Amino acid sequence: MSALTEIELLEAVRKGQREGQTEMVGRYARRVFAMIVRQVPDEMDAQELTQDVFMRAFSHIDSYNPQKASLSTWLCRIAYRLTLDFQKRKRALMVSIEDTEVGKTDISDEELEAELSTGRKERIEQLMNIVDSLPTDERMLLTLYYLEDRPLTEIAYITNIDAKALANRLFRTRKKLYKKLSPTVS
């Protein structure tokens, strides 16, 4: 099989050709799976969701607009939605009492960044445990922004949330992380 250009790939998928579908999965499955498995720790569930992403992409390929986002970003948008739906089905959404007190933490951006970016091994382990306990949408936002290093405009497309609202949500999530770490702050 020869490597198809993105235009050839899209046309092949639109026509339902196996070569295009195989090429798309080969190019993007690893990235989609990596994004999902960070949110869905059960590898079998993450693999199923990854397959669902591509099945959805194949059946809705006509809705893809290359002027709005790259193919990779469009696939991540599908993955984001399917992962959130999966998580909602898996467990009921619970709001922590701590969530309502996040706004009461008075800390500057600089202090927050300094505290959250300390490199001590114990702090990193604590931080990862706290991140794992966050609701799916907050974990996904942190994953897309910090681990995948995506700009807020791209995350806004993936999540279908305004970039300014995302920036506020990211700030609130970072404050929540800081508050949960603060009893251990030296």
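Colleague: Is Asp137 buried, exposed or partly exposed?
Modeller: First, a heads-up: this is a predicted model, where local features need pLDDT of at least 70, side-chain atom pairs count only at pLDDT 80 or more, and totals for chains, interfaces and linings use all residues. Residues are numbered from 1 along each chain as its sequence is written, and side-chain values use heavy atoms, with hydrogens and water left out. Buried means under 20% relative accessible area, exposed over 50%, and partly exposed in between (1.4 Å probe, protein chains only). Asp137 has 29% relative accessibility, so the label is partly exposed.

Colleague: Which residue does Asp137 meet in a salt bridge?
Modeller: A salt bridge is a side-chain nitrogen of Lys or Arg within 4 Å of a carboxyl oxygen of Asp or Glu. Here the N to O distance is 4.0 Å, and the partner of Asp137 is Arg169.

Colleague: How many residues apart in sequence are Arg169 and Asp137?
Modeller: Helices are DSSP runs (H or I, at least four residues), numbered from the N terminus. Arg169 sits in helix 10 (residues 163-181) and Asp137 in helix 8, so their bridge ties together parts separated by 32 residues.

Colleague: Is Glu148 buried or exposed?
Modeller: Glu148 pairs with Arg38 in a salt bridge (3.2 Å, N to O). Those two are 110 residues apart, both in loops. With a relative accessible area of 15%, Glu148 is buried.

Colleague: How many salt bridges does the whole structure have?
Modeller: Another one joins Arg27 to Glu23, with the closest N and O atoms 3.1 Å apart. A search of the whole structure gives a total of seven.
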